[in-house]
Amino acid sequence: PPKWRRPLPPPPTGPSSSPVATGGWQAKAAAQKARSAAAAALFEGRSAALLPPGPLSAPRWETAFQVGRPAEGTTGGLAFIATLAGAFAVKAAVDVAEEFFGAGFLRAAGAPVPGVRVVFPADAEYASILAAVEAVAKQYSRRGDAEGATAVMVHALVNMRKHGGPLLLLELVPAALTLDEIGSAETALLLEPPAFAAGSRARTRLEAMGRIWIVDAALHFRDRFASRLSCAGYDAAVARAKGHSPSASQEAAPDADAAVASQEQVGLGTVGNLGNVLLTNSPLDGTALVAAGVAAIDSHVKLVRGDASDAVARAEALAEVQARLRTELGALLAEARDATESGTLAVAPSRSLGWLRFTVEAANGHSLSDGALAAARLGALHAASAVPGAGAWARSELAAARSSDVEDAKWREAFARIDEEALVEVGQIFEGLLAEHADLMEKLPPTLAVVSSSGGGGEGATAAEPALLAESELIGAEPRLWAALSSELRKVLLDERVRGVPAGPHSMEWPGWDA
């Protein structure tokens with residue numbers, strides 16, 4: 001644990017004390033408190049996670065200036081690091097390989113996921129990341145923010161060192177939002193497609209959510225969305241969440257009356273983990289992630305071999321999940337076939353996607369229209385057609401891992417646990433159902449392509465501020481990143497890194513730090 005600097009001695013007492021001496025002590029303490037508050041205020045309201053993302057290919061760790069972490073109760077081992085190139089997420093966890101593979105599978109099936117790469121302990125970059133985190137803590141300390149410096153050391157650096165395994169470097173989603181933190185009106189703007197708008201971003205978001213739902217099911221990943229496809233007894237759970245007794249009526253109309261679930265009811269597992277679905281309305285910048293308007297994060301493959309003693313139980317559970325997959329995917333395809341034959345695929349209600357209406361309504365009270373569910377259904381259908389190709393990617397990736405020269409034993413062992421045979425079986429389920437509905441798949445309309453605005457997000461704002469652009473060039477910062485910082489922080493960084501203003505003394509002690 002960190003050793004705090006010895007506190008200031010109390011003011012002298014007795015006959016030798018004087019108002020001047022006492023006032024001097026009080027003034028010094030007040031100055032230290034003000035210095036600490038000013039240092040912490042440099043980042044107030046500007047979380048590292050919300051700064052413009054940087055390129056994974058060139059993070060420039062030596063320029064790091066801010067480290068943040070998620071709110072309490074969220075993903076452990078995750079830190080957000082801001083450098084002059086942009087902001088990044090760095091994760092230290094035991095299931096890094098499962099997440100890396102899961103994200104790759106989703107991407108291979110056309111689902112939107114942030115960029116990701118792995119940094120191994122033997123890589124020089126690994127030491128650079130740890131050094132960057134400690135350097136930020138020292139910056140905080142020398143500015144007087146002992147509390148912030150301690151939080152960085154204890155919750156970020158110590159966790160990374162304790163983990164000792166590969167780190168996952170993740171692209172951040174710009175201006176990210178979650179369904180449970182926005183209201184009904186904003187949800188309508190983001191997810192209700194205009195009836196005749198070509199290239200609607202709302203439609204693109206819905207199609208992306210449908211894609212993610214199907215690919216998650218192929219990976220047996222059930223944390224993100226709850227539906228009949230992923231959860232046994234889903235209809236009964238939803239009925240309980242609505243305050244009804246489960247009955248056959250729950251199987252009937254996709255537009256049945258829905259009640260907003262309370263937080264306690266959400267805990268029944270009827271809405272999934274909405275923190276793993278990020279929405280963005282960031283200005284189009286030419287990147288696929290921003291164009292999709294949605295990103296799947298914390299994605300994992302759950303087709304993983306366990307201990308030999310659990311083989312029988314696992315085989316039984318796998319058979320049950322695969323039977324449900326075959327049933328519900330078949331129902332989705334049959335529903336789409338009927339809607340296509342009647343010419344109503346773009347507007348017809350969707351029982352298969354009814355879970356999405358319930359999920360959104362439980363999160364913020366907005367009830368998605370039939371057209372919104374139809375758009376999500378189209379994305380789901382395209383994802384179904386892409387899963388066999390993602391399966392081919394998976395087999396190639398696993399083969400490459402077996403012959404890889406990566407020396408990290410934990411990584412190789414984790415990849416070896418991914419069940420290739422089960423992945424092949426899932427692919428066969430998709431292939432069989434797609435063959436049965438070949439006519440439908442040939443008639444599917446293409447997914448929407450959103451045309452990017454010229455110049456990309458943020459460049460217009462930068463061009464309008466020549467002074468900021470000049471400062472960013474002087475310090476070597478990415479212009480959008482520099483413009484997103486507070487004016488106070490920009491001044492401090494210029495003072496420390498360009499103008500040569502000496503740093504103050506540390507406000508906390510840590511083993512190995514100089515005074």
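**View 1. Aromatic pairs in the predicted model.** The model contains 10 aromatic pairs, where rings of Phe, Tyr and Trp (its six-membered ring) pair if their centres lie within 6.5 Å, with planes under 30 degrees apart counting as stacked, over 60 as edge-to-face and the rest as tilted. This is a predicted model, in which local features need pLDDT of at least 70, side-chain atom pairs count only at pLDDT 80 or more, and totals for chains, interfaces and linings use all residues. Residues are numbered from 1 along each chain as its sequence is written, and side-chain values use heavy atoms, with hydrogens and water left out.

**View 2. The tilted pair of Phe225 and Trp355.** The ring centres of Phe225 and Trp355 lie 4.8 Å apart, with 45° between the planes. This pair links distant parts of the chain, 130 residues apart: Phe225 belongs to the loop between α6 (201–218) and α7 (234–241), and Trp355 to helix α11 (residues 354–364). Helices (H or I, at least four residues) and strands (E, at least two) are DSSP runs, numbered from the N terminus.

**View 3. The tilted pair of Trp411 and Phe415.** Here the values are 5.2 Å centre to centre and 40° between the planes. Trp411 and Phe415 both lie in helix α13 (residues 409–417), 4 residues apart, about one turn of the helix. Trp411 counts as buried because its relative accessible area is 10%; Phe415 is buried at 6%. Ring pairs join Trp411 and Phe415 in a cluster with Phe100, Phe101, Phe120 and Trp393.

How values were computed:
Buried means under 20% relative accessible area, exposed over 50%, partly exposed in between (1.4 Å probe, protein chains only).
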